[in-house]
Amino acid sequence: MANKLSAVIIMGLAIFSLVSVTSATSGTATYYTVYTPSACYGYEDEGTMIAAASEGIYNNGGACGQMYKITCTGATNAGVTQPCTGASVTVKVVDLCPSPGCQGTFDLSQEAFSTIANVNAGKVDINYTPV
């Protein structure tokens with residue numbers, strides 16, 4: 001009986017971990033270097049682990065202050081074939097990355113981008129989840 005219960009618990013944990021991994025959303029990230037003024041906070045300093053969100057995520061300002069965990073998953077061009085550092089970064093949405101100029105799902109601060117990828121890549125594929 002105890003062995004069956006242990007097996008069920010282990011199976012449940014395995015399924016839970018797969019669900020949490022697959023709940024990430026795919027997108028792309030670029031970076032920028034001028035952080036103020038921002039659409040959410042004007043000239044208020046919000047640190048360097050920040051991001052501008054594309055219009056779909058920004059949601060007319062509804063994303064201001066929201067935190068996202070971002071992980072590089074691969075290259076988007078032939079310039080840097082393996083740009084990812086293997087690290088993740090948590091960023092706060094402080095700005096809008098408006099189209100048509102917005103080149104990614106998130107436009108990260110240079111500091112946030114360099115945490116997850118080589119800045120020479122310029123743009124990388126990512127997974128992101130709200131935290």
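How much accessible surface does the chain have, and what share of it belongs to carbon and sulfur atoms? The accessible surface of the chain comes to about 7,400 Å², with areas taken from the Shrake-Rupley method with a 1.4 Å probe and, for residues, only the protein chains shown counting as cover; carbon and sulfur atoms hold 57% of this surface. The model is predicted, and local features therefore need pLDDT of at least 70, while side-chain atom pairs count only at pLDDT 80 or more and totals for chains, interfaces and linings use all residues. Residues are numbered from 1 along each chain as its sequence is written, and side-chain values use heavy atoms, with hydrogens and water left out.

The chain has 3 helices and 6 strands, where helices (H or I, at least four residues) and strands (E, at least two) are DSSP runs numbered from the N terminus. Along the sequence these elements follow the pattern α-β-β-α-β-β-β-α-β. Of the 131 residues in the chain, 34% are buried, a term that means under 20% relative accessible area, whereas exposed means over 50% and partly exposed lies in between (1.4 Å probe, protein chains only). Among the contacts in the chain with a separation of 6 or more, 78% are accounted for by residues 24 or more positions apart, a contact being heavy atoms within 4.5 Å.

The 6 strands close into a barrel in the order E1-E5-E2-E4-E3-E6, and the pairing is mixed; two strands are taken to pair if DSSP finds at least two bridges between them. Neighbouring strands of this sheet are turned against each other by 45° on average, direction ignored, with axes being lines fitted to C-alpha atoms (for helices over the stretch in contact) and angles running from 0 to 180 degrees between N-to-C directions. Strands of a sheet pair through backbone hydrogen bonds, either parallel or antiparallel. Strands E1 and E6 run antiparallel and are joined by 5 bridges; within E6, Ile126 is the bridge partner of Gly27, and Tyr128 stands opposite Thr25. Strands E3 and E6 also run antiparallel, with 7 bridges between them, and here Asp125 in E6 is the bridge partner of Gly74.

Strand E2 (residues 50-54) is mostly covered, as 5 of its 5 residues are buried. Over 5 bridges, E2 pairs in the parallel sense with strand E4 (residues 88-97), and Asp95 in E4 is the bridge partner of Ala52. With E5, in contrast, E2 pairs in the antiparallel sense over 3 bridges, and Ala53 stands opposite Phe106 in E5. Ser54, which lies in strand E2, counts as buried because its relative accessibility is 16%. Not counting residues up to four places away in sequence, Ser54 touches Leu96, Cys97, Cys102, Gly104 and Thr105.

The structure holds 5 aromatic pairs, for which rings of Phe, Tyr and Trp (its six-membered ring) must have their centres within 6.5 Å, planes under 30 degrees apart counting as stacked, over 60 as edge-to-face and the rest as tilted. One of these pairs is formed by Tyr32 and Tyr35, which are edge-to-face at 5.4 Å centre to centre with 85° between the planes. Tyr32 counts as buried at 12% relative accessibility, and Tyr35 is likewise buried, with a relative accessible area of 18%. The rings of Phe106 and Tyr128 have centres 5.0 Å apart and planes at 80°, so this pair too is edge-to-face. Distant parts of the chain are linked by the pair, since Phe106 lies in strand E5 (residues 106-109) and Tyr128 in strand E6 (residues 124-130), 22 residues apart. Both Phe106 and Tyr128 are buried, and together with Tyr68 they form one aromatic cluster.

A search of the whole structure finds 1 salt bridge, defined as a side-chain nitrogen of Lys or Arg within 4 Å of a carboxyl oxygen of Asp or Glu. This salt bridge is formed by Glu46 and Lys92, whose closest N and O atoms are 2.5 Å apart. The pair links distant parts of the chain, with Glu46 in the loop between strand E1 (25-32) and E2 and Lys92 in strand E4, 46 residues apart. In another loop, between strand E3 (67-75) and E4, lies Gly79, which is exposed, with a relative accessible area of 68%. Gly79 and Ala121 are 42 residues apart in sequence, and their C-alpha atoms are 6.3 Å apart in space.
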